Amino acid sequence: MAIPREIIEEIVYRTDMEQLVGSYVSLRRTGANLLGLCPFHSEKTPSFTVTPAKKMFYCFGCGAGGNAITFVQKAENLDFVQAVEFLAQRAGITITRDDEAERVEV
């Protein structure tokens, strides 16, 4: 069964990127962004940037980037649905499955 797009968008909207990424990486503020060592590759100079206003991250060292779902997928080695469920639980959102959406996608 598919997860409705509206629920996925709500989960991303309600996820605080600073708190999420900060639970994996030590971040320091640099203007509107946050900077830290990338959790996805070994580095000595921080090249991992989080932009809370845009709810995204990007590493200038390895090229990893995306939103909260992408981050959890990479950090926890989860597939898309598992990452959405992980973030929904963090945000206190109950996921309702949409049978019709799955029929349209298949």
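**Entry 1: H1 and H4**

I looked up the handedness of the crossing between H1 and H4 in this predicted model, and the crossing is left-handed. The two axes come within 9 Å and cross at roughly 55°. I therefore noted H1 and H4 as oblique to each other. Helix H4 covers residues 80–91, and helix H1 covers residues 5–14.

Next I listed the residues that meet. From H1 these are Ile 8, Ile 11 and Arg 14. On the H4 side I found Phe 80, Val 84, Leu 87, Ala 88 and Ala 91. Sorted by class, the contact of H1 with H4 has seven nonpolar residues, one charged residue and no polar ones.

**Entry 2: salt bridges**

How many salt bridges are there by the rule used here? I count two salt bridges.

One is formed by Arg 14 with Glu 10, and their closest N and O atoms are 3.6 Å apart. I had already written down Arg 14 among the H1 residues that meet H4. Arg 14 and Glu 10 are four residues apart in H1, so about one helical turn separates them. Arg 14 has 43% relative accessibility and counts as partly exposed. Glu 10 is partly exposed too, with a relative accessible area of 33%.

The other joins Arg 29 and Glu 18, with the closest N and O atoms 3.0 Å apart. This pair links distant parts of the chain: Arg 29 sits in strand E1 (residues 28–30) and Glu 18 in helix H2 (residues 17–22), 11 residues apart. Arg 29 has a relative accessible area of 48%, and I put it down as partly exposed. Because its relative accessibility is 34%, Glu 18 also counts as partly exposed.

**Entry 3: positive phi**

I then looked for residues other than glycine with a positive phi. Lys 55 is one of them, with a phi of about 55°. I located Lys 55 in the loop between strand E3 (48–51) and strand E4 (56–59).

Asn 77 is not a glycine either, and its phi is positive, near 55°. Where does Asn 77 lie? I found Asn 77 in the loop between helix H3 (68–76) and H4.

How values were computed: Residues numbered from 1 in each chain as written. Predicted model: local features only at pLDDT ≥ 70, side-chain atom pairs only at ≥ 80, totals over all residues. Heavy atoms only, no water. Salt bridge = Lys/Arg side-chain N within 4 Å of Asp/Glu carboxyl O. Helix = DSSP H or I, 4+ residues; strand = E, 2+ residues; numbered from the N terminus. Buried < 20%, exposed > 50% of the residue type's maximum accessible area, 1.4 Å probe, protein only. Axes fitted to C-alpha atoms, helices over the stretch in contact; angles between N-to-C directions. Parallel < 35°, antiparallel > 145°, perpendicular 65-115°, else oblique. Left-handed = near helix turned anticlockwise from the far one by under 90°. Contact = heavy atoms within 4.5 Å. Nonpolar A, V, L, I, M, F, W, Y, C, P; charged D, E, K, R; others polar.
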